Amino acid sequence: MIYDKVKTARMLRVVLDVTEGALDIATRPGGEAGLRIPAMDAEKLMRALAAKGDADGMYHEYVRLLLQTGSTLGAALERHHHKSFESEFYRLFKVYLEADERS
């Protein structure tokens, strides 16, 4: 397992960029309120994993989110020109694969 709070903070930024867009759409008048709960659940879980510094857990949870909510959440976000879990996957994966710089 990889425990690195710097890396998980960067991974969390990717997730927050996606959930920020989802919450923006959900709170607009006439927006898609169904995006609010999945976005908030994803954010809450990823914040907890980031606080522990669990990069492996964050990566595996991101993939699970991508498979579970990706098609519905992603379609709504892309329709409104926001970042989605799909569009940001390689950004998160790049951070996840980076070597520990303190070694």
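Author: Rings of Phe, Tyr and Trp (its six-membered ring) pair if their centres lie within 6.5 Å, with planes under 30 degrees apart counted as stacked, over 60 as edge-to-face and the rest as tilted. This is a predicted model, where local features need pLDDT of at least 70, side-chain atom pairs count only at pLDDT 80 or more, and totals for chains, interfaces and linings use all residues. Residues are numbered from 1 along each chain as its sequence is written, and side-chain values use heavy atoms, leaving out hydrogens and water.
Reader: ok, how many aromatic pairs does a search of the whole structure find?
Author: The search finds 7 aromatic pairs. In one of them, the rings of Y62 and F85 have centres 5.3 Å apart and planes at 85°, so this pair is edge-to-face.
Reader: and where do Y62 and F85 lie?
Author: Y62 lies in helix 3 and F85 in the loop between helix 3 and helix 4, so the pair ties together parts that are 23 residues apart in sequence; helices here are DSSP runs (H or I, at least four residues), numbered from the N terminus.
Reader: is Y62 buried or exposed?
Author: Y62 is buried, with a relative accessible area of 0%, where buried means under 20%, exposed over 50% and partly exposed in between (1.4 Å probe, protein chains only). F85 is buried as well, at 2%.
Reader: switching topic, which residues of helix 2 are buried?
Author: They are A39, A42, E43, M46, L49 and A50. Seen down the axis of helix 2, these fall within an arc of 135° (taken from the directions from the helix axis to the C-beta atoms), so they line one face of the helix. On the other side of helix 2, I37, K44 and K52 are exposed.

Conventions: Helices (H or I, at least four residues) and strands (E, at least two) are DSSP runs, numbered from the N terminus.
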